[in-house]
Amino acid sequence: MGERVTMTINGMSHEDEVEPRTLLVHHLRETVGLTGTHVGCDTSQCGACTVLLDGDAVKSCTVLAVQADGAAITTIEGMARGDELHPLQQAFWDEHGLQCGYCTPGFIMTAAKLLSDNPNPTDDEIKIGLEGNLCRCTGYVNILKAVRTASRRMLSGSTAASASARSSE
Amino acid sequence: MAVSQLVGARVQRREDPRLITGHGHYTDDGEPRGCTALQVVRSPHPHALIRSLDTARAVAAPGVLRVLVGADFRAVLRGTMPVTPSFVADKRQVPERFPIADREVVYQGEPVAVVVALSRTAAADAAELVDVDYEPLQAVVDPDRALEADSARTHAGAPDNVCWDVTYTGGDVAAAFAEAEVVIRERIGQQRLAPTAMEPRVVIAEPDPYGGRLTIRLGSQNPHFIRLFVSQALGMAETQVRVVSRDVGGGFGCKISPYPEDYLVPAAARLLGRPVRWVETRSEAMVGTSHGRGQVYDVEVAAKRDGTLLGMRLTQILDVGAYCGTFGAFQAVAVYMAPGAYRWRGVEGRTVGVLTNKVPTDPYRGAGRPEGTHLVERMVDRLAGELGMDPAEVRRRNFAEAFPFTNPFGLVYDSGDYGRTLARALDLVDYPALRHRQAALRLQGRYLGIGLSTYVEICGLGPSAATAAATGGIALVEGAQVRVFPTGSVAVYVGTHAQGQGHDTTFAQIAAATLGIPIEQVELHHGDTDEGTGFGYGTYGSRSLSVGGMAIRGATIKVVEKARRLAAHLLEADEADVIFEGGRFAVRGSPAASRSFAEVALAAYGPDLPHGMEQGLEAVHYFDPANFVWPFGAHVCVAEVDAETGQVTIDRYVAVDDCGTVVNPMIVDGQIQGGIAQGIAQALFEEVVYDPDSGQLRTGTLLDYLVPTMSELPVPELSRTVTPSPINALGVKGVGEAGTIAASAAVINAVSDALQPFGIRHVDMPASPDRLWRLIQEARRP
């Protein structure tokens, strides 16, 4: 009944047997044990489950685990280097970009892709880039600030390397 | 940073490092060994009789361990789900609610069976094989229609659909209306909303053969109440049940009351003798997790021609849903808060709770105060329009000024300066210039509106005398315990719980400041009923800081006082001469003789104690506030309506709030920003819609239920004044709901103001493009 899938998750190779209908998010959470990727809806509106798949931000509730066979996945757990936070993580902390924190991993992963495509986005570009993610706590004010701050710091090279560099490793 | 400056400091949140790295612990992030999966089979009908229920095919499905129905649970669960008096002690009928239906289903989504299987997919597959033969009955959908004598009944055979019908009178209403020079009337809606915490509900129950105990893990705003309710239902002692709630992905009120699954999952775990997990899907949340608001008001206001408010009469029709929510009648507080920030001769409010075939309504962010505020703020604006006065002037003329101020219902507002927050807000928007701009734009056929909302809210539940009656026995005070270990590290336990409010940080700031030690030495514990005081009262009604924070402060002071006695003994000084500053106990006048807090902590576990003192350094404190606390503020929304499309664009949103003393300004601003977002969401976007005939939910997913995204919300400009509360030593009030309480009125006042040239006096929520376009089209029709 199972299909064998192999994927590189946060730089580590994982080979597992999955039911063909298993969603990538459930595979990550239940089988691989990476519970930082969250599930907030069942219709792909909320974006809490966003991960990077071969460098693209995808809602992992819309991808079957078998479709990710052979792919390189980055989850929120793969963003920091040891104790050194990714600039987006640091900026979310510094700017109070989270309250309950449930949507935060999805926002950080979507923002990582946004900044890798467009390192210096305008506010409107940030808003459009992140409108596939829902937050119920912050009113988005400090999320916007956090992405701005991370962009500025990444451009000036004052903190760690960008997410895209990481995910392509 | 100096410890003495900790209160008031922008301390970065201590909970964030785990949350931004994916290492938070939400309920579904950990499962016990051998955990099974539970799937709930729900009624697709809002109202039906169960003719038969056949589980045979489901039982035979692969991986299925048990299929349980009502009768199975009736054998192990006692009584019915709790309903508190809240603000309506005298209810006409309270339908008995058992966590699972076995004869009649009364709302879409009501549980009728559960499947427990080895995996989630096996449980989900088997749930589809449970055969239920329903006989559909007429659904009661519209609350107004439900009150008519020939309406169908929400519960077959019930005498009517009235849950309660009570009138509260404050002051001399008849005299107020007799004196009136102008009376205005309006019907104002409050649509049903889905709280939509981003983390759906999850319940994991694990029997522990060692000691026969049961651990229940769930995301909760008040774990101790869940322990109380569920242990009683299971016939277990409270000591035998542990409720654990760690990171919670948002609450907003919908994680206060117990839910059917909070009983069914633990009961199933005990029946199977295995851990059981249930994870709510968003679709289940939309039908099964409590909604908020769902009200309509008929209101009339009496005033003088100079704008002096005299009297108000209002009727609140509240859509209770199919059962009365545990704290559902809390929403009737709208009546008590309808007087708002103003002086009145009399206010009379009737609240009618109406049963309908929908999921129950229960507190949602603000719970009655947004509704009361929306009502009075709309009516003040309506009056200003009627009299041709400036709405700011009508407000100034009627503000409560002398504090403490007693409102018509006898509620005593602790402190305030309503004129000051309004003046600040008007300054920030340059109000006169804005009115000029509005006039100029109107000449160009552009419709700009300016909306004010000068709210006051009741929070900090609450004084024991008032709150014990509201819960039916338990006073909503708060308990905290402070334990100092021999090395001087400090564990603080409190009975509130956080769902994103940053208590780990704010509460540690208070404890560390009181103890004079670095914040890193303080660890905060909450959300686990096996720790801390015997009972905890939870987080709702913006109470955590003003009640829980004070409990922490009280317990910490007790610890300091014991340490001071011990330090005096160690320093061979008179206790009265020992001062505690900067984390050291010193003898007045001879600073060289001193002991650090950690040295005293170690000594507390040693042999050399003053006569009669026991070892140890720990204390418990329960804080019972003398009154509620009363945050207030002035919000201004500037919005433009496109008359051709009905689209509303918020130009500026300025908020001046006063929540008393601020412990952490970063967190306070975050609460205001998020609160405003939810108020704007109600004003412009969100609405739970049921089909008026069939009673089927039409907004069953986040595709149909419009939680606003980043593109739809403005960045509010924030300012504050600080009027400390005299009710507690910290001077704090509350801030978790203030933004929501203020915002819907500010936005709708702006939209209504914008549409004044069309002769439109009132706009209901959500002020969606289609609603506004229709209103404008009707107004333009000759």
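A crossing of two helices is called right-handed if the near helix is turned clockwise from the far one by less than a right angle. Keep that in mind as you walk through this predicted model.

**Stop 1: helices α11 and α20 of chain B**

Select residues 369–387 of chain B, which form helix α11(B), and show them together with α20(B). The two axes come within 8 Å and cross at roughly 30 degrees. Angles under 35 degrees count as roughly parallel, and α11(B) and α20(B) are therefore roughly parallel to each other. Turn the view until one helix lies over the other: α11(B) passes α20(B) in a right-handed crossing.

Now bring up the side chains. On α11(B), look for B:R369, B:P370, B:T373, B:H374, B:E377, B:R378 and B:D381. Their partners on α20(B) are B:T740, B:I741, B:S744, B:A745, B:I748, B:N749 and B:S752. Colored by class, this contact shows 4 nonpolar, 6 polar and 4 charged residues.

**Stop 2: the other neighbor, α19**

From α19(B), select B:I672, B:G675, B:I676, B:Q678, B:G679, B:I680, B:Q682, B:A683 and B:L684. They meet B:A738, B:G739, B:T740, B:A743, B:S744, B:V747 and B:I748 of α20(B). How many charged residues does the contact of α19(B) with α20(B) have? It has no charged residues, with 9 nonpolar and 7 polar ones making up the contact.

**Stop 3: two cis peptide bonds in chain B**

Follow chain B past α20 into the loop between α20 and α21 (769–780), where you will find B:P766. The peptide bond from B:M765 to B:P766 is cis, with omega near -10 degrees.

Then jump to B:P404, in the loop between α12 (391–398) and β16 (405–406) of chain B. A cis peptide bond joins B:F403 to B:P404, with omega at about -5 degrees.

**Stop 4: where the chains meet**

Show both chains as surfaces. The contact draws on 56 residues of chain B and 47 residues of chain A. Together the chains bury about 4,300 Å², and 56% of that is on carbon and sulfur atoms.

Next, look for charge pairs across the boundary. There are 6 salt bridges between chain B and chain A. To see a salt bridge between side chains, zoom in on A:E30 and B:R277, with 3.3 Å from N to O.

**Stop 5: a salt bridge inside chain A**

Over all chains, the structure holds 65 salt bridges. For a pair in chain A, select A:R4 and A:E15, whose side chains meet at 3.1 Å, N to O. A:R4 lies in strand β1 (residues 3–9) and A:E15 in strand β2 (residues 12–18) of chain A, so the pair ties together parts that are 11 residues apart in sequence.

**Stop 6: helices α2 and α5 of chain A**

Stay in chain A and select α2(A), residues 87–94, with α5(A), residues 141–155. Their axes come within 8 Å and cross at roughly 135 degrees, which makes α2(A) oblique to α5(A). α2(A) passes α5(A) in a right-handed crossing.

On the α2(A) side, the contact is made by A:P87, A:L88, A:Q90, A:A91, A:F92 and A:D94. On the α5(A) side, show A:I143, A:A146, A:V147, A:T149, A:A150, A:R153 and A:M154. Sorted by class, the contact has 9 nonpolar, 2 polar and 2 charged residues.

**Last stop: A:H96**

Finish in the loop between α2 and α3 (104–117) of chain A, where A:H96 sits. Check the backbone there: phi of A:H96 is near 55 degrees, a positive value in a residue other than glycine.

Methods:
Residues numbered from 1 in each chain as written. Chains lettered and ligands numbered in written order. Predicted model: local features only at pLDDT ≥ 70, side-chain atom pairs only at ≥ 80, totals over all residues. Heavy atoms only, no water. Axes fitted to C-alpha atoms, helices over the stretch in contact; angles between N-to-C directions. Helix = DSSP H or I, 4+ residues; strand = E, 2+ residues; numbered from the N terminus. Parallel < 35°, antiparallel > 145°, perpendicular 65-115°, else oblique. Contact = heavy atoms within 4.5 Å. Nonpolar A, V, L, I, M, F, W, Y, C, P; charged D, E, K, R; others polar. Buried area = accessible area lost by both parts, 1.4 Å probe. Salt bridge = Lys/Arg side-chain N within 4 Å of Asp/Glu carboxyl O.
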